[in-house]
Amino acid sequence: MIRSALLLLALTFLAAVATHAWHPKAPAWYLASEPLKDDEVDMKTIQERWQGDVLWIDARLRQHFEKAHIPGALLLNDQERDALLIEHIETLQDNAKPVVIYCDGHACQASRKMRTYLMETMAMQNVWVLHGGWPAWEKSQGTIR
């Protein structure tokens, strides 16, 4: 009897783990979220502080940008940064909005590198990294435009 109960419990646990692993909208295993770093901003803050009116910069590879990107975002990645900077220089110089840079996610450092590059090269201020990157924007279902 106990053996059957343990087997049933183990199978139930395995089914739950498998369902979570393959479900496209599976919730996090825990509710604690990673705190924002000093140079980061999240989707909620973008909406509350600036009503979503920011200049988006996509620091991902061109093929990812061409597949999908935030509407109105400028492509400015490390691989093509000098040519792309020249292409976007006027927009960047005339910009009065906060700048939010995103890349492929938490582990991606391309947005931080681009932030440093813009702050040093263009002497830009009010430049932020999107906490969670592209996946965070996708998760918000594109409500910020």
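Which residue in strand 5 is the bridge partner of Glu-40? In this predicted model, the partner of Glu-40 is Val-129 of strand 5, and that pairing belongs to an open sheet of five strands with parallel pairing and the order 1-5-4-2-3. The protein chain as a whole has six helices and five strands, which follow one another from the N terminus as α-β-α-β-α-β-α-β-α-β-α.

**Overall dimensions and surface**

- The radius of gyration of the protein chain is 20 Å, whereas a compact globule of 145 residues would have a value near 15 Å.
- Taken along the principal axes, the box filled by the C-alpha atoms of the protein chain is roughly 75 × 30 × 25 Å.
- Of the 145 residues in the protein chain, 38% are buried, and the accessible surface comes to about 9,700 Å², with 58% of that area belonging to carbon and sulfur atoms.
- Among the contacts in the protein chain with a separation of 6 or more, 64% are accounted for by residues 24 or more positions apart.

- In the order 1-5-4-2-3, the edge strands are strand 1 (40-41) and strand 3 (74-75), each of which pairs on one side only.
- Strand 1 runs parallel to strand 5 (residues 127-130) and is joined to that strand by two bridges; in one of these pairings Val-41 has Leu-130 as its bridge partner, and in another Glu-40 has Val-129.
- Helix 5 (residues 110-121) packs on the sheet and touches strand 1, strand 2 (55-58), strand 4 (99-102) and strand 5, with a direction that makes about 175° with that of strand 5.
- Strand 5 also pairs with strand 4 in the parallel sense, over three bridges, and here Ile-101 stands opposite Val-129 of strand 5, the residue that is also the bridge partner of Glu-40.

**The disulfide**

- The structure holds one disulfide, which is formed by Cys-103 and Cys-108 with their sulfur atoms 2.5 Å apart.
- A bond of this kind is a covalent one between the sulfur atoms of two cysteines.
- Because the torsion about the S-S bond of Cys-103 and Cys-108 is about -135°, the disulfide is left-handed.
- Cys-103 has a relative accessible area of 1% and is therefore buried, while Cys-108, at 18% relative accessibility, also counts as buried because the cut-off for that class is under 20%.

**Ile-89 in helix 4**

- Ile-89 is found in helix 4, which covers residues 81-94.
- With a relative accessibility of 30%, Ile-89 counts as partly exposed, because that value lies in between the limits of under 20% for buried and over 50% for exposed.
- Ile-89 and Thr-116 are 27 residues apart along the chain, and their C-alpha atoms are separated by 16 Å.

Conventions:
Residues are numbered from 1 along each chain as its sequence is written. This is a predicted model: local features need pLDDT of at least 70, side-chain atom pairs count only at pLDDT 80 or more; totals for chains, interfaces and linings use all residues. Side-chain values use heavy atoms; hydrogens and water are left out. Two strands pair if DSSP finds at least two bridges between them. Helices (H or I, at least four residues) and strands (E, at least two) are DSSP runs, numbered from the N terminus. Contact means heavy atoms within 4.5 Å. Axes are lines fitted to C-alpha atoms, for helices over the stretch in contact, and angles run from 0 to 180 degrees between N-to-C directions. The radius of gyration is taken over C-alpha atoms; the globule rule is 2.2 Å times the number of residues to the power 0.38. Buried means under 20% relative accessible area, exposed over 50%, partly exposed in between (1.4 Å probe, protein chains only). Accessible areas come from the Shrake-Rupley method with a 1.4 Å probe; for residues, only the protein chains shown count as cover. A disulfide is a pair of cysteine sulfur atoms within 2.5 Å.
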